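Here are a few exercises for getting to know a protein model. Have the viewer open, try each task, then read the solution.

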Amino acid sequence: MNRNRQVLRLLLLAGGVYFLLVSAAHLIGMKVPGLYIYFNVPSTVYQDRIISLLAFGWAVFFTTGAADPDNKALVRAILIAGAGAIAGLCGINLATDFESLSPDIDVPVFWSEIALLVIYWLSLVISYRRTRGQ
């Protein structure tokens with residue numbers, strides 16, 4: 001496997017591991033910043049379990065993409081879903097009155113977590129584009 005495909009594979013595998021950790025953290029209710037974007041926002045066990053199940057699905061898609069980084073349709077779907085998720089998180093940050101939930105909520109931390117996701121997503125996009133011509 002050439003270098004560009006290897007980088008894409010490792011990035012996808014890292015995404016799979018990340019979402020598996022997100023899934024586990026939400027399943028057990030361990031509010032770790034980065035694994036819980038909104039780690040200091042009140043949530044219910046019910047909400048956390050739904051997020052855990054959905055994050056597990058993302059982990060499956062990412063690890064499947066890592067197993068076959070030449071599957072362009074799957075990688076494109078991951079990129080499109082990632083862009084939608086990032087846009088959704090930005091919308092949540094802009095539309096939610098976090099102060100009404102708790103005065104201790106630090107919204108800039110949420111933006112920094114989303115910024116890290118954007119950097120990861122852009123890395124995936126660049127890596128995907130580099131493999132397309134090969």
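Before we start, a word on helix angles: each axis is a line fitted to C-alpha atoms over the stretch in contact, and the angle between two N-to-C directions runs from 0 to 180 degrees. Keep in mind that this is a predicted model.

**Exercise 1. Work out which pattern the chain follows along the sequence.**

Solution. Start with the count: there are 5 helices and 0 strands. Read along the sequence, that gives the pattern α-α-α-α-α. For the extent, look at the C-alpha trace, which spans about 50 × 25 × 20 Å along its principal axes.

**Exercise 2. Decide how α3 and α5 are arranged: parallel or antiparallel?**

Solution. Step one is the geometry: the axes of α3 and α5 are 10 Å apart, and the packing angle is about 160°. Step two is the cut-off: angles over 145 degrees count as roughly antiparallel. So α3 is roughly antiparallel to α5. Step three is the handedness, and the crossing of α3 with α5 is left-handed.

Now for the residues. On the α3 side, the contact includes L79, A83, I86 and L89, while the α5 side includes W111, I114, L117 and W121. Sorted by class, this contact has 16 nonpolar, 3 polar and 3 charged residues.

**Exercise 3. Find which residues of α1 meet α5, and how the two helices cross.**

Solution. First the axes: those of α1 and α5 come within 9 Å and cross at roughly 150°. These two helices are therefore roughly antiparallel as well, and α1 passes α5 in a left-handed crossing.

Then the residues: N4, R5, V7, L8, L11, L12, A14, G15 and Y18 are the α1 side, and they meet α5 residues including L117, Y120, L124 and Y128. The classes here are 10 nonpolar, 5 polar and 2 charged.

**Exercise 4. Explore the largest pocket: how much space lies in it, and which helices each supply at least two residues of its lining?**

Solution. Begin with the volume, which is about 940 Å³. There are 38 lining residues, and those closest to the centre of the pocket are I37, Y38, I51, L89 and L117.

As for the helices, α1, α2, α3, α4 and α5 each supply at least two residues of the lining.

Technical notes: Residues are numbered from 1 along each chain as its sequence is written. This is a predicted model: local features need pLDDT of at least 70, side-chain atom pairs count only at pLDDT 80 or more; totals for chains, interfaces and linings use all residues. Side-chain values use heavy atoms; hydrogens and water are left out. On a 1 Å grid over the protein atoms alone, a cavity is a set of points where a 1.4 Å probe fits but cannot get out, and a pocket is an open set with protein on both sides within 12 Å along at least five of seven lines; lining residues have an atom within 4 Å of a point. Grid points are joined across faces, edges and corners, and a volume is the space filled by probe spheres set on the points. Helices (H or I, at least four residues) and strands (E, at least two) are DSSP runs, numbered from the N terminus. Angles under 35 degrees count as roughly parallel, over 145 as roughly antiparallel, 65 to 115 as roughly perpendicular and the rest as oblique. A crossing is left-handed if the near helix is turned anticlockwise from the far one by less than a right angle, and right-handed if clockwise. Contact means heavy atoms within 4.5 Å. Ala, Val, Leu, Ile, Met, Phe, Trp, Tyr, Cys and Pro count as nonpolar, Asp, Glu, Lys and Arg as charged, and the others, Gly among them, as polar.
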